[in-house]
Every structure is written in structure tokens, then in C-alpha cells.
Amino acid sequence: MKAYATGLLAAAALIAIPTTASAHRQWLLPSATTLAGTDGWVTVDAAVSNDLFDPDHFPMQTDQIQVTQPDGSKGQIQNAATGRYRSMFDVQIDKAGTWKIGTASSNLGGTFTLNGETWRVGGRRGPPAGAPGMAPRAPGGEAGGPRPAGGPAGPGGPAGPGGFAAGKSVASVAEIPAGATDIKLTESSSRNEFFVTAGEPTTTVLKPTGKGLEFDPVTHPDDLVANEPARFRFVIDGKPAAGLTVTVVPGGKRFRDGEHAQTLTTGTNGTVEVKWPFAGVYWLNATATDNHAADPRATERRMSYTTTLEVPAP
């Protein structure tokens, strides 16, 4: 069994956003990603923080966590709890093969003008969006979960930055009034997941759906070893995602000086080779932007993919 070692954590970020020390990153940290049999459990910490895997800012919510069993069927989390800085939950690993655990979300948001005032479409709960590993920021500075119709607009309006009229927001595109003008919409999607293998690795849960930015690894994510390179492929709508910037950042920054980041780029086939300088748990994030939104009302599509990878010593 590969167990994670506290303090030997690391992160790989495939992003167009700089990986600064103060950036808030969203992460899932499993207690293990490889189990010898089918009678074990995995406990997962979930948070948003400045330093990877060090909960110091805000807990992730667990209501959108999805579990996919090795045969593709739906599983469940158990014993979920949320504290001040982190959430946690358990997953019983009772079937052989590779499991996928995490979140997947999609939303349409943006702004419109009504009677000379700027309104927001959608919004998010929790900490600010747009940081590496979090849902992409939509026009107006908000992204993610729904906001009740007519609810507070957040930072903005005459009393604050952003240009939004105070209290002017709708929860969805369907609620945009008929007289609205200057409608600007962005389609946003994000995935944040990790993989757990009981016994021999399988690949059912690794197969891309052909929608948005996805992880299509050449090296199985539960077959990694320090000092041995791994190859990962990224696809957008099933096609190779070339030119993505890859940054590998060791976690546990508070125990050393600097982030010690590596910056890599995917090739024409969407593949990147990652070298693991030492054993630990790595956070990997990719973002992409294009104009191929599924909804014809959106002029832009923003995509984010995040995974946590455990790399043991040889």
C-alpha cells in the first residue's frame, strides 16, 4: 500500500494563471491511493488554501462529491463533515480496480444590462473563484454555484468595485428579462478528482467522455514512482490539447524555502512528461479557454481540470 507522507506533498499545475505563493488552490487529499485488497477505506481531506494540502483558508463542500466505481457505476461517500478550514469524508473501497472520486460541474454565467444597470447571471458560494484549481472566474468576478434570484450581488454596484448594481443578480440564464441588453455569457466547467486502485489497476474510469478538458493519462495515475517519468495526455472535446502550460509544484511549502516549481508544456499530441523529484502527493491542474461553448448564447468557454497524484519512493 502506498500511504501519503505528511510534509512530502507536491503539486502539478497545468494553468495559464501564475502559481504564486498566495494563490488559493482547491484540493482533495486522500489518505491513500493504492490498496492491497477490497476491505479498506480512504479518508479524504478537502479544502481551499494558500499552501497545498495545508488547510488554512476555507473548506470545500462535500455535497457535490461523486464516486465512480471500477465498473463505472455510482458509489457514495460516508461520514462527511465540514470544519472551519477543511471538510472530510470516507469512501469504502470494496471492489477491485480503479475508482474515481471528485467533483465535476458546469455552469453558464456572465452579465447583462437592464435599465442602465449591470446585472450578474449566476454566482458562486464559498471563496473567490478564478484561482488555480477552482472554477474559472466568469465575467464580473463570480463563477460556480447558483445564486438565488434577486440575491446580493457580492462585491460590486455603486457601493463597491465591479460595476454591479447592489442586489442585482439572477440565478440562471433562463431568468434574464426580455428587455435585457449587452448580454455577455461565459460557459465554465471544472473537474477536481483523484484515483484509488484496489489490487490491479483498471482503466474504465479513465476513459474521456469527449466533453471539455479531460485527463487521458498514458501512465496510469496509480502507477507512479519517484525519479521515473510519467506521461499524461490532455484532451479537449476528445482531441489533443496542445500547448497547455504545466507547472509542477511540491506541496508542504511551509517546511521549505520557495515553491520549487517546474514549468512544462504539452506537445502537439496533448502529452506532457512529468518527472517526480521525490516521493509525495502531487496536485495537477490544467485550464483552457476557447470559443467553442456548447450553449450558443455563450461567447467563451473556460475549462479547468485538477487531480491529486500520489508518487511513492522506488
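A bit of bookkeeping before the details. Since the model is predicted, local features need pLDDT of at least 70 and side-chain atom pairs count only at pLDDT 80 or more, while totals for chains, interfaces and linings use all residues. Residues are numbered from 1 along each chain as its sequence is written, and side-chain values use heavy atoms, with hydrogens and water left out.

Strand E8 covers residues 78–82 and E9 covers residues 87–93; the two pair in the antiparallel sense over three bridges. For pairing, DSSP has to find at least two bridges between the strands. Gln78 has Asp90 in E9 as its bridge partner. Between the two strands sit four residues, and the whole thing forms a hairpin.

**Salt bridges**

Here a salt bridge is a side-chain nitrogen of Lys or Arg within 4 Å of a carboxyl oxygen of Asp or Glu. How many salt bridges does this rule give? The count comes to eight.

| Pair | N to O distance |
|---|---|
| Asp45 and Arg86 | 3.0 Å |
| Arg233 and Asp216 | 3.1 Å |
| Arg301 and Asp237 | 2.9 Å |

Take Asp45 and Arg86, whose closest N and O atoms are 3.0 Å apart. That pair links distant parts of the chain, 41 residues apart: Asp45 is in strand E5 (residues 40–49), and Arg86 is in the loop between E8 and E9. For accessibility, buried means under 20% relative accessible area, exposed means over 50%, and partly exposed is in between (1.4 Å probe, protein chains only). Asp45 is buried at 14%, whereas Arg86 is partly exposed at 42%.

Next up, Arg233 forms its salt bridge with Asp216. The partners are 17 residues apart, with Arg233 in strand E15 (residues 230–236) and Asp216 in the loop between strand E14 (213–215) and E15. Arg233 counts as partly exposed, at 26% relative accessibility.

Then there's Arg301, whose side chain meets that of Asp237 in a salt bridge. Arg301 lies in strand E21 (residues 300–311) and Asp237 in the loop between E15 and strand E16 (239–240), so the pair ties together parts that are 64 residues apart in sequence. Arg301 is buried, with a relative accessible area of 5%, while Asp237 is partly exposed at 32%. Both belong to a network of salt bridges that also takes in Asp290.

Is His220 buried or exposed? It is buried, with a relative accessible area of 12%. His220 sits in the loop between E14 and E15. Its side chain reaches the backbone oxygen of Thr202 at 2.9 Å. Counting contacts as heavy atoms within 4.5 Å, and leaving out residues up to four places away in sequence, His220 touches Thr98, Thr197, Pro201, Thr202, Thr203 and Leu206.

Ser106, by contrast, is exposed, at 57% relative accessible area. You'll find Ser106 in strand E10 (residues 97–114). With residues up to four places away again not counted, Ser106 touches Ser188 and Ser189. The C-alpha atoms of Ser106 and Met303 are separated by 9.1 Å, although the two residues are 197 residues apart along the chain.

Key. Polar contact = N/O pair within 3.5 Å; in protein donor to acceptor, adjacent residues only side chain to side chain.
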